[in-house]
Amino acid sequence: MRVAILTGASSGMGFAVARRLAQEGYVLILGSRNPSVAVKQLQDMGAKVVGVAGDLADVTTAEALVREAEQLGRLDALLLNHGGPPVKPLLEITEEEWRRYFDLMVLGPLRLLRLSVPLFRRSGGGRVVAITSFTVKNPHPGIGLSNSLRAALVNALKTAALELGPEGILVNAVAPGYILTERIAEWNRAHAEREGVTPEEIARRTVEGIPLKRYGKPEEVAEVIAFLLSPANGYITGQQLLVDGGLVVAG
Ligand SMILES: NC(=O)c1ccc[n+]([C@@H]2O[C@H](COP(=O)([O-])OP(=O)(O)OC[C@H]3O[C@@H](n4cnc5c(N)ncnc54)[C@H](OP(=O)(O)O)[C@@H]3O)[C@@H](O)[C@H]2O)c1
């Protein structure tokens, strides 16, 4: 039996990873604020899955996720994911927002990693992947919270990869480009408002700038993550892998 904890897994890319791991027979511990619909969908597919409702910024959420894995007696894979922060100019971000999103995007994932490590050790190693963004490598205006906090997480995870490598715990990040999920509709609306154009115009310009000339699919990101989370990944750690249709070709 292989056990995975997945956060931010009730929709979008996180859900696509859950579906992919379910196909491989993992037992899933699925976290999000409202996981019940996703849990039911996965159970209907025959997956073994338990839902844990909670905000990743809260200490109790990480504790509850790890408690479920402890009951199963092992942990093999951990996906760190959550929703994106608000789109707004850097200097308009309030101190309260910096603190709130630091708790969600840096402290929340790192706390869950820390609480998971004893169980990884007892399981003989493990695999960790965080979903970040191509904008870590290529910061965009209007998303200062994302640009800054994800960069902090990526360097923290590289440190974890160095420190946990000797114990067979491999830690990586996957940086998606433009992927067709609910988040993209929200992103297009926010950027359309800022630029005074329609969301369709934002989508058209976006696709024009992608070398593969289309949005990515959540399943295409999930395939890469499923590999990095599996024992088939024996020798990749400390990396941030772009899955972006060629958007960021340097750096
Ligand atoms: N889509 C893209 O093109 C793209 C590109 C680059 C980066 N990203 C980033 O990649 C991540 C995933 O994107 P996506 O498009 O798959 O997003 P999505 O469809 O909006 O999914 C976000 C997931 O996170 C959960 N979530 C949101 N806030 C949470 C919180 N505070 N605590 C726990 N869970 C929370 C949501 O479920 P609940 O509502 O039930 O909590 C949902 O399961 C996001 O951080 C996004 O910014 C996306």
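Helices are DSSP runs of H or I with at least four residues, and they are numbered from the N terminus. The model shown in these views is predicted.

**Figure 1. The shell of residues around the ligand.**

A polar backbone atom of Met13 lies 2.8 Å from an oxygen atom of the ligand. For Asn34, a polar backbone atom is 2.9 Å from an oxygen atom of the ligand. At Gly8, the distance between a backbone N or O atom and an oxygen atom of the ligand is 3.4 Å. The ligand exposes 890 Å² when taken alone, and the protein buries 90% of that area.

**Figure 2. The largest pocket, which holds the ligand.**
The ligand sits in the largest pocket, whose volume is about 1000 Å³. Its lining consists of 44 residues, with Asn81, His82, Gly83, Gly84 and Arg183 nearest the centre of the pocket. Two or more lining residues come from each of H1, strand E2 (27-32), helix H3 (59-72), helix H4 (95-122), H5 and H6. H6 makes the largest contribution to this lining, with five residues. The lining of the largest pocket divides by class into 21 polar, 16 nonpolar and seven charged residues.

**Figure 3. The second largest pocket, lined in part by H6 and H7.**
The title refers to H6 and helix H7 (199-208), each of which supplies at least two residues of the lining. The space in the second largest pocket is about 190 Å³. Its lining is made up of His140, Pro141, Tyr178, Trp187, His191, Arg194, Glu195, Ile202, Arg205 and Thr206. H6 provides the largest share of this lining, namely four residues. By class, the lining of the second largest pocket has four nonpolar, three polar and three charged residues.

About 40 Å³ of space lies in the largest cavity. The residues that line the largest cavity are Val154, Leu157, Lys158, Val171, Asn172, Ala173, Gly238, Gln239 and Gln240. Helix H5 (144-164) and strand E6 (169-176) each contribute at least two residues to this lining. The lining of the largest cavity comprises four nonpolar residues, four polar residues and one charged residue. H5 is also among the elements that give two or more residues to the lining of the largest pocket.

Technical notes:
Residues numbered from 1 in each chain as written. Predicted model: local features only at pLDDT ≥ 70, side-chain atom pairs only at ≥ 80, totals over all residues. Heavy atoms only, no water. Polar contact = N/O pair within 3.5 Å; in protein donor to acceptor, adjacent residues only side chain to side chain. Areas by Shrake-Rupley, 256 points an atom, 1.4 Å probe, with all protein chains shown as cover. 1 Å grid on protein atoms, 1.4 Å probe; cavity = no way out; pocket = protein on both sides within 12 Å on 5 of 7 lines; lining within 4 Å. Sits in = over half its atoms within 2 Å of the grid points. Points joined across faces, edges and corners; volume = space filled by probe spheres on them. Nonpolar A, V, L, I, M, F, W, Y, C, P; charged D, E, K, R; others polar.
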